[in-house]
Number of protein chains: 2
Amino acid sequence: MNFKIKKNVLLDELVKVAKIIDYKTLNPVLLGTLIEVGVDDVSLITSDGSISIKSVISKKDSGLDITEAGSILIKGRYLIEILRRSDDKFVEIILVENNIIKVSGEKAEFQLNILNRDDYPLLGFREKGNEFEIKGSVLKKAMMQTMISIDEFNKKISLTGLNFNFKKNELFISGTDSYRLSQKKIIFEKEVSNLDINIPIKTVSEFIKIVTDKDIVRFIQSEGYVTFIFGNTIFQSTILEGQFPDINAAFPRDFNSIVTLGNREFSKVISRADIPNEENTSAVVNFKLVGDTIWVKSNIHQIGNFEEKFQEFDLKGLDEQNISFNSKFFMDAVKTFDTKVLELKIIDNKKPIVITSPEEPELVQLVLPMFIN
Amino acid sequence: MNFKIKKNVLLDELVKVAKIIDYKTLNPVLLGTLIEVGVDDVSLITSDGSISIKSVISKKDSGLDITEAGSILIKGRYLIEILRRSDDKFVEIILVENNIIKVSGEKAEFQLNILNRDDYPLLGFREKGNEFEIKGSVLKKAMMQTMISIDEFNKKISLTGLNFNFKKNELFISGTDSYRLSQKKIIFEKEVSNLDINIPIKTVSEFIKIVTDKDIVRFIQSEGYVTFIFGNTIFQSTILEGQFPDINAAFPRDFNSIVTLGNREFSKVISRADIPNEENTSAVVNFKLVGDTIWVKSNIHQIGNFEEKFQEFDLKGLDEQNISFNSKFFMDAVKTFDTKVLELKIIDNKKPIVITSPEEPELVQLVLPMFIN
């Protein structure tokens with residue numbers, strides 16, 4: 001194995017595939033990065049056991065010059081550290097002995113021990129199945145808006161991930177921990193065959209780190225797997241077993257009071273009601289609507305009490321409500337809106353509140369109230 | 001107790017004095033911030049047991065308006081969180097009951113539990129003694145350049161801090177862990193009475209966080225204490241017992257080889273020789289001077305080997321040396337110079353190397369070699 005390449009190209013791709021490596025893995029071979037040098041390109045492959053990623057560097061813009069094909073398994077973090085400290089524009093990597101590679105630039109030369117390539121698991125990347133195409137920016141934003149409601153330690157496995165449900169030309173992305181629920185709808189121009197899968201929260205978090213806003217993503221469902229193909233990258237994960245609950249039944253349709261208010265102004269009031277305490281438990285925040293005033297109150301364990309008057313809002317319906325929430329759940333939901341205006345839709349103090357915005361009608365956040373006071 | 005003040009002034013001062021609070025303290029009363037409201041000013045006081053700080057807010061620029069004097073002990077972190085989230089320009093603080101204060105702005109109001117003021121230790125701030133004045137920028141820089149050689153867990157107590165030694169009109173600041181030594185000389189216009197004290201490394205680190213470059217610092221030595229007075233702040237610490245070793249005897253005067261080279265260029269080579277490994281141990285870096293070339297080599301445990309040729313240097317004296325160092329010690333020493341040029345002064349492979357720069361003749365770094373290969 002012998003190739004030469006622009007240092008920064010190799011460094012960027014090594015850093016990208018290293019993101020999914022789990023340094024606490026019990027299987028040390030998964031600390032490795034597989035470098036496969038073909039006739040025309042170099043592939044970098046890593047895996048954490050359930051998520052795998054493959055990045056293909058072609059000759060275009062990479063200055064890649066392959067003298068001899070081959071395949072090695074290295075500890076990527078050391079090669080990353082070496083390349084980061086290098087001033088060279090190009091780097092040459094040569095397998096000099098069975099277990100040593102030589103990494104050389106203009107003046108500096110490293111002899112780096114490598115791992116046994118034969119120990120690495122065979123990873124099949126599935127590039128065919130039930131698929132649709134979506135903008136990276138749109139998918140990433142929808143994931144970030146809905147993953148807030150997921151508890152990764154939920155006992156019900158299907159709830160430890162995001163549900164992707166494609167019906168006709170609408171994709172619904174939903175997350176819930178049974179106390180709150182987030183749903184985003186994305187409308188497509190044409191219909192795609194139906195699809196209903198649960199993607200682990202870890203897969204979602206790792207994917208968000210790697211995809212860029214300008215990518216166009218091919219989303220492919222196959223038996224037991226989801227594959228995202230974008231740019232020069234194939235990102236694949238196992239999916240969660242089990243049936244996601246029918247959450248559409250959870251959304252109330254009729255409300256007694258609809259409060260319309262400024263997102264920024266109201267968020268600031270809630271943040272004041274939620275002073276972090278020593279045990280890092282969330283406060284209970286209470287909204288009391290009386291006529292033209294909302295009284296926001298909280299009692300923060302062992303610290304004290306908070307009270308603030310809020311009057312800049314419009315109201316449709318009943319002008320009397322008294323409802324309490326976990327302040328963190330409420331704030332998480334509010335923060336997913338980058339809009340100017342929020343709508344709080346209330347039935348009574350025992351039914352979930354629904355948070356929406358007229359500026360982003362495809363996003364719905366729902367939070368159950370707490371029965372305190 | 002009842003006063004009103006500009007929110008940002010109170011917030012900045014609370015944040016400053018909170019820096020020395022040790023949240024792992026076994027004495028919970030030291031988690032508190034003492035607020036003493038006098039007739040004309042408000043003092044904020046904190047202590048970690050050995051370091052104490054007092055910040056005095058006068059009426060100037062603070063909008064301070066005192067209705068009733070008094071003294072309370074609060075958990076400063078909560079008041080900080082409250083003020084950070086506030087949009088108000090002014091805040092009013094009133095003692096409403098024995099153990100509750102009311103913190104109010106225009107619309108929001110907090111009722112905050114407070115601690116028992118009588119539990120707080122009596123701190124005497126010593127403002128008289130053997131003293132000199134120095135620029136904050138000069139003192140801070142000298143501390144940062146010399147503290148690198150201190151091992152805070154050294155078994156010899158006097159070595160766990162910086163030695164300040166004032167003779168005639170010269171102040172010598174020195175730190176050593178017996179494997180390396182840092183010394184900075186500061187020359188004053190006039191003589192000050194002799195002074196020789198050891199300031200704990202923790203005091204130095206905390207002081208650096210609080211002093212600003214534009215402060216003029218009064219440095220005061222009194223029995224068992226050192227006090228720094230700057231701006232509106234009194235910062236006081238106990239000093240270390242025991243005699244600091246006579247380090248002037250450690251500096252060699254005659255060298256066989258003096259190498260002059262570019263700081264930035266050479267630092268980059270060393271950083272390449274020092275790839276961090278899994279156990280986070282430092283590499284041993286070897287310099288082999290042969291004629292017009294320095295070969296920089298290192299062997300990084302379980303990772304591999306490094307080698308680089310370095311030729312851009314001037315040499316006085318012997319053109320043959322072969323000397324090895326702990327790469328971290330060497331790098332720490334080199335990094336204290338923000339100069340263009342470094343001088344490496346070598347006797348042989350068993351004697352310490354001395355690192356200096358003609359651009360900053362008052363700073364000397366000394367590192368012992370390792371006897372490997």
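So, salt bridges across the interface of chain B and chain A: the rule finds six of them, where a salt bridge is a side-chain nitrogen of Lys or Arg within 4 Å of a carboxyl oxygen of Asp or Glu. On the side of chain B that touches chain A, the elements giving two or more residues are helix H2 (76-84), strand S9 (108-113), helix H5 (263-273) and strand S21 (304-310). By type, that side of chain B splits into 15 charged, nine nonpolar and eight polar residues; Asp, Glu, Lys and Arg count as charged, Ala, Val, Leu, Ile, Met, Phe, Trp, Tyr, Cys and Pro as nonpolar, and the others, Gly among them, as polar.

Quick housekeeping. This is a predicted model, where local features need pLDDT of at least 70, side-chain atom pairs count only at pLDDT 80 or more, and totals for chains, interfaces and linings use all residues. Residues are numbered from 1 along each chain as its sequence is written, chains are lettered from A and ligands numbered from 1 in the order written, and side-chain values use heavy atoms, with hydrogens and water left out.

Back to the interface. Chain B and chain A each put 32 residues into the contact, meaning heavy atoms within 4.5 Å. Together they bury about 2900 Å², 50% of it on carbon and sulfur atoms; that's accessible area (1.4 Å probe) lost on putting the two parts together, summed over both.

Strands here are DSSP runs of E, at least two residues, helices are H or I, at least four, both numbered from the N terminus, and two strands pair if DSSP finds at least two bridges between them. Gly304(A), for instance, sits opposite Leu112(B).

Now, inside chain B, look at S15, residues 216-222. Five of its seven residues are buried, that is, under 20% relative accessible area with a 1.4 Å probe, protein chains only. S10(B), residues 130-135, joins S15(B) antiparallel through six bridges, with Ile134(B) opposite Val217(B). S16(B), residues 225-230, also runs antiparallel to S15(B), with five bridges, and Gln221(B) partners Val226(B) there. S15(B) and S16(B) make a hairpin with two residues between them, and Gly224(B) in the turn has a positive phi of about 80°.

Last stop, H6 of chain A, residues 327-335: seven of its nine residues are buried, so the helix is largely enclosed by the rest of the structure. Among them are Phe329(A), Phe330(A) and Asp332(A).

Definitions and conventions:
Buried means under 20% relative accessible area, exposed over 50%, partly exposed in between (1.4 Å probe, protein chains only).
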